Amino acid sequence: MTHPFLDLAPLSATHFASIEDRVARLLSTEQDVVIMQGEALLPLEGAIRATAGPGTTALNVITGPYGQTFGDWLRDCGATVIDLAVPFHTAVTAAQIREAFAEHPSIDFVSLVHAEAATGNTNPVAKIGEVVREHGALFYLDAVASIGAEPVLPDAWGVDLCVIGAQKAMGGPAGVSAVSVSERAWARMAANPTAPRRSYLSLLDWKERWVDGGRKALLHAPAQLEMLALEACVERIEGEGLAAVMDRHASAAAATRAGAVALGGGLEPYVYAPSDAAPVATTLRVPVGVDASALVAKALAADPVLPLVAGGGALATSMIRVNHYGPDATQGVVHSSLAGLGAALAEFGVAVDLEGARRAVAGVWG
Ligand SMILES: *Cc1c(COP(=O)(O)O)cnc(C)c1O
């Protein structure tokens with residue numbers, strides 16, 4: 001029996017390279033783009049292990065759980081790590097990065113998460129990039145939760161290692177990811193004796209055996225199902241237009257924020273300033289006396305397809321995430337998410353204004 005997922009022909013090197021070129025266009029980058037055969041944590045970890053070592057002094061910006069993970073990898077590589085943690089309800093500023101450089105002039109690596117789906121904030125990468133470039137440090141960026149939802153411009157911003165995954169705003173598969181690599185970053189890896197070589201984590205293997213060979217021969221059989229899905233999702237974004245896709249996400253974030261405030265009952269945006277709020281997902285603080293996990297469970301019991309989750313770890317009781325990304329970045333989904341939350345709050349005895357929320361959402365979309 002034939003099946004759309006089975007008996008697939010191997011993906012050719014030419015086809016693989018053409019998908020890389022398409023991803024490079026999505027990032028407006030002239031840098032080498034390497035598609036990695038795994039979830040985004042593969043290039044995120046691979047890029048750190050390739051460029052950091054005992055001689056590295058890293059400024060690790062923590063605006064959510066991923067920053068914590070990057071710090072652990074950096075320390076594991078033997079790097080000296082300076083953690084710059086900012087409260088999850090805000091974003092880091094370029095001035096804070098500048099101060100860190102002044103205090104620790106030896107910093108030669110900066111790791112930053114662009115947008116954090118887990119905490120709902122987004123950081124001003126363009127401004128931070130200027131400061132990082134001035135100082136001359138290598139700039140590593142996790143853009144998994146921003147690509148497709150807001151501009152991601154590694155060349156314009158001076159990002160040396162920009163990691164993306166397709167599973168958030170791109171509406172694509174989670175099993176492949178990509179990283180753009182600057183010439184400076186390749187040179188840092190080549191000079192790093194602790195960089196993984198002959199390893200699944202190795203970016204240098206792809207440089208030496210794929211990029212430098214003119215992208216003629218692949219290192220191993222590519223995951224063709226995921227590669228075809230990645231190609232399809234980039235094609236779909238090109239069809240709708242990247243600007244239009246980003247507009248949908250910006251509207252979904254603004255509408256969720258305005259709708260939650262209008263809903264009332266003590267539901268509040270978790271991220272204080274709208275400019276610090278990520279277009280990919282909106283985090284909300286629940287009213288005192290209401291448990292976020294219980295509230296989400298109640299809303300999902302009534303409508304299981306709503307893109308609602310409770311915060312992770314310590315935030316499980318106090319934070320709700322509305323994951324309005326990909327196909328969920330629409331007025332309809334935002335409206336039903338708030339209606340579902342409102343109905344669940346009402347069951348907890350909290351007074352809410354469902355009609356006010358509906359009007360606020362419609363008002364943002366115009
Ligand atoms: C979603 C996300 C990733 C990918 O990690 P998962 O745990 O597989 O979802 C990486 N970085 C950021 C900032 C993300 O939001």
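Visitor: How far apart are the centres of domain 1 and domain 2?
Guide: This is a predicted model, in which local features need pLDDT of at least 70 and side-chain atom pairs count only at pLDDT 80 or more, while totals for chains, interfaces and linings use all residues. Residues are numbered from 1 along each chain as its sequence is written, and side-chain values use heavy atoms, with hydrogens and water left out. The bounds, from an automatic or database domain assignment, are 13–240 for domain 1 and 242–365 for domain 2. Taken over C-alpha atoms, the separation of the two centres is 29 Å.

Visitor: What area is buried between domain 1 and domain 2?
Guide: Contact (heavy atoms within 4.5 Å) involves 23 residues from domain 1 and 24 residues from domain 2. Buried area is the accessible area (1.4 Å probe) that two parts lose on being put together, summed over both. Carbon and sulfur atoms give 63% of a total of about 1,900 Å².

Visitor: Which elements give two or more residues to the side of domain 1 that touches domain 2?
Guide: A polar contact is a pair of N or O atoms within 3.5 Å; within protein, one must be able to donate a hydrogen and the other to accept it, and residues adjacent in sequence count only if both atoms are side-chain atoms. Across this interface there are 7 residue pairs in polar contact, both at pLDDT 80 or more. Helices (H or I, at least four residues) and strands (E, at least two) are DSSP runs, numbered from the N terminus. On the domain 1 side, the elements are β6 (121–122) and α9 (224–240).

Visitor: Which residue forms a salt bridge with R248?
Guide: A salt bridge is a side-chain nitrogen of Lys or Arg within 4 Å of a carboxyl oxygen of Asp or Glu. The rule finds 1 salt bridge across the interface of domain 1 and domain 2. For R248, the closest N and O atoms are 2.7 Å apart, and the partner is E240.

Visitor: Which residue has a polar side-chain atom 2.6 Å from a nitrogen atom of the ligand?
Guide: The residues around the ligand (a heavy atom within 4 Å) are E39, Y66, V113, A115, A117, D142, V144, A145, Q167 and K168. Ligand oxygen atoms lie 2.9 Å from a polar side-chain atom of Y66 and 2.7 Å from a side-chain N or O atom of K168. The residue at 2.6 Å from a ligand nitrogen is D142.

Visitor: Which side chain does E45 join in a polar contact of 2.7 Å?
Guide: E45 sits in helix α2 (residues 41–51). Leaving aside residues up to four places away in sequence, E45 touches W73 and L201. The 2.7 Å polar contact links the E45 side chain to that of R49.
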